[in-house]
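Thanks for coming, everyone. I'll take you through one structure today. Please have a look at it first.

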Amino acid sequence: MEYFLTEQQELIRSLARRVAEERILPLRAELDEKEEFPWAIMKDLADADLFRIFIPEKYDGLGEGVFTLCLAVEELSRACSGVAVTYASNALGAMPILLYGSDEQKQKYLPNIASGARLTAFGLTEPTAGSDAGGIRTTAIRDGDEYILNGTKHFITNGGEAEIYTVIALTDPSRGSRGASAFIVEKGTPGFTFGKKEKKMGIRTSATRELVFHNCHVPKENLLGREGSGFIVTMRTLDSTRPGVGAVAVGLAQGALEAAVAYAQQREQFGHPVSAIQAVQHMLANMAMELEAARALVYATAKTIDSGAKNISEIGAMAKVFATDMAMKVTTDAVQVFGGPGYMRDYPVEKMMRDAKINQIYEGTNQVLRNVIALELLKRKALRD
Amino acid sequence: MNIVVCIKQVPGTTDIKIDPETNTLVREGVESIVNPFDAYALEEGVRLKERCGGKVTAISMGPPQAEQALRETISLGADEAILLSDRAFAGSDTWATSYVLSKAISKIADYDVIICGRQTLDGDTGQVGPELAEMLEIPFVAYVSKIEEITEGYMKVQRMVEEGYEVIEMPLPAVITVVKEINVPRLPSIRGTMKSKTAEVPVWTAEDIGVDANKAGIAGSPTRVVKIFFPQRTHKSEMLQGNLEEQIDQLLEKLEEII
Ligand SMILES: Cc1cc2nc3c(=O)[nH]c(=O)nc-3n(C[C@H](O)[C@H](O)[C@H](O)COP(=O)(O)OP(=O)(O)OC[C@H]3O[C@@H](n4cnc5c(N)ncnc54)[C@H](O)[C@@H]3O)c2cc1C
């Protein structure tokens, strides 16, 4: 499929592919096995300027948008989606600053994010607040020139490793979700520590950890946007990062399909390669079709977001749900094409299948996002009537 | 800190063919790359710059197409690249090459560290680094595996020897050649690659750097390649007989034969 990339986009894609093949592939099994954060690869990504992609030129970035970011995420995910998620979550943590930061906040944080010197994370989810984000209990009470944060976030990607956290907390608990605000909290701030590190099914190189705030004093300059706009910041952030999750899924499925095709051609049964069996061919054909359809949807959605379109919740949800359901199916079928060896850690497809599952869960579960899509459909119908 | 890195464009293969008629390398039809050992030199230069500030200048003596290799150094972090190219340089051996490089570096004038790879993939001599230092009359250390300390006018390095390493201090400016253990070269950056496409790569000719035509090219190259071959590894032992005196005499005789 021809997507008419610019010269810079072509370059970014090919460099991301080089990092993936030369630096990530040799390490992926070990990183998965040891559940080790991929610091060496983060350094390679930084050296290659890949953290600069979506940051405006004014702040030392390359001034590209969501689409170009998706191209890079996809290439990384083709080799290891644990690394791709680590990289994409950095964009998730930076997005609130990009969308709502004051010029001073941008000046202070974005150049270091662009250079890769400081990783970021986004902290919304709490034990009492998953799909129902309005159930958060972390508070941020104004006290003179500061806010005092108390509470615990869990399941936070890049937790413990990142240095810059955008955190959603209640500045006015009495107003419920309208009383939430977004803050920038730096690692090392007194009262901010890290709790349980999760042991996961997949994306095991990525760090998932608790953030613990205990009388953590944050200067009032670190408030993002207005008091009370925490959930608007959250929704707009997630609307523009969901194609990124779609891109993780597309890259992952691409890697699985390539592995399956190669294996099918080389494995002989009944005197011929299993790729000569129609049942296997049809499985591969379905994988390829669904993958291409998902890629087209993710790219089109990302480009629409970059064009400045306003109502992007619906298409963002579609791209995320369609691509991640596709990746779950394609990686499962890849294991099927391999047969028994596919279930073993000697081949990469079992990891891909484990890695695929999470994409249907975070940044809005695929059930919740179907609610979003349906709601928009019904709203439009109601408006027409 | 001004860092000069000397690089060479070489055939991108270890399967090197030699023309039996002329005893020179067959370069036709072989893709060219930056000499792999020079990639470590460049990376170390870029890291020094990141550590101490300053500028990395890559220079290469070669035919016009060596410009491509120099552009690549910009994508990998060099700030400037200069090509030394002139008919008068053609056919230079290591001595004449070092002379040309030394004249160019003298023109650059403001330099603290000159870094070269330990040897090239094609010529394999490892001579240019030390010859260059000799001609510039500055200190030289070969096989550097780590730069421990570097400040204004002073550098302390580790140099690989067969068992372990030596630590050597020297005043700057100085020349070092580096081994592959020193670093893992980075991949090209996006900004570097964009810059490398449009960057100016000035070409300095013999006249520009005051090269005496008799000292460069074939005219300035004392090396004569008589024969190229893989040395046969032979292993022979012999027990000397007689009393101690007799054995010593025999040994001396044998040594004299060899020398
Ligand atoms: C590895 C990992 C990394 C994560 N990274 C981050 C991060 O960086 N930052 C962050 O803030 N969060 C992060 N999360 C949290 C993630 O976004 C939540 O887990 C997710 O939103 C689901 O919430 P929950 O786990 O509480 O499930 P629940 O909300 O309890 O859902 C349980 C089930 O009920 C269904 N369900 C719930 N409500 C509805 C509804 N209204 N309609 C239909 N079905 C519904 C769900 O689909 C699901 O099947 C991460 C989670 C994981 C596992």
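Let's begin with the ligand and its shell. By type, the shell residues split into 8 nonpolar, 9 polar and 2 charged. Keep in mind that this is a predicted model.

How many residues surround the ligand? The count is 19. The closest are Thr125(A), Ser131(A), Phe155(A), Thr157(A) and Thr365(A).

Take Phe155(A): one of its polar backbone atoms is 2.7 Å from a nitrogen atom of the ligand. Now Thr365(A): here a polar side-chain atom lies 2.7 Å from a ligand oxygen atom. Leu124(A) also takes part, with a backbone N or O atom 2.9 Å from an oxygen atom of the ligand. As for cover, the ligand on its own has 970 Å² of accessible area, and the protein covers 64% of that.

Which elements supply the shell? In chain A, strand 1 (120-123), strand 3 (146-157) and helix 11 (366-384) each give at least two residues.

Next, the domains. Chain A is divided into domain 1 (7-119), domain 2 (121-228) and domain 3 (231-384). Where does the ligand sit relative to domain 2 and domain 3 of chain A? It lies between them, because both domains give residues to its shell.

Let's stay with that pair. The C-alpha centres of domain 2 and domain 3 of chain A are 30 Å apart. Across the boundary, 16 residues of domain 2 of chain A are in contact with 12 residues of domain 3 of chain A. Together these two domains bury about 1100 Å², with 71% of it on carbon and sulfur atoms. On the domain 2 side, Phe122(A), Met201(A) and Ile203(A) lose the most area to domain 3 of chain A. Those three account for 39% of what that side buries.

Now the two chains. Here 16 residues of chain A are in contact with 12 residues of chain B. The chains bury about 1300 Å² between them, and 62% of that is on carbon and sulfur atoms. Which residues of chain A lose the most area to chain B? They are Leu11(A), Arg23(A) and Asp47(A), together 36% of what the chain A side buries.

Last topic: backbone geometry. Most residues other than glycine have a negative phi, and most peptide bonds are trans. In chain A, Asp49(A) has a positive phi, near 75°. Asp49(A) is in the loop between helix 3 (39-47) and helix 4 (66-79) of chain A. In chain B, a cis peptide bond joins Leu172(B) and Pro173(B), with omega about 0°. Pro173(B) belongs to the loop between strand 11 (165-171) and strand 12 (174-178) of chain B.

To recap the ligand: it lies between domain 2 and domain 3 of chain A, and 19 residues surround it. That's all from me.

Terms used. Residues are numbered from 1 along each chain as its sequence is written. Chains are lettered from A and ligands numbered from 1 in the order in which they are written. This is a predicted model: local features need pLDDT of at least 70, side-chain atom pairs count only at pLDDT 80 or more; totals for chains, interfaces and linings use all residues. Side-chain values use heavy atoms; hydrogens and water are left out. A residue is near a molecule or strand if one of its heavy atoms lies within 4 Å of it. A polar contact is a pair of N or O atoms within 3.5 Å; within protein, one must be able to donate a hydrogen and the other to accept it, and residues adjacent in sequence count only if both atoms are side-chain atoms. Accessible areas come from the Shrake-Rupley method with a 1.4 Å probe; for residues, only the protein chains shown count as cover. Helices (H or I, at least four residues) and strands (E, at least two) are DSSP runs, numbered from the N terminus. Ala, Val, Leu, Ile, Met, Phe, Trp, Tyr, Cys and Pro count as nonpolar, Asp, Glu, Lys and Arg as charged, and the others, Gly among them, as polar. Domain bounds come from an automatic or database domain assignment. Contact means heavy atoms within 4.5 Å. Buried area is the accessible area (1.4 Å probe) that two parts lose on being put together, summed over both.
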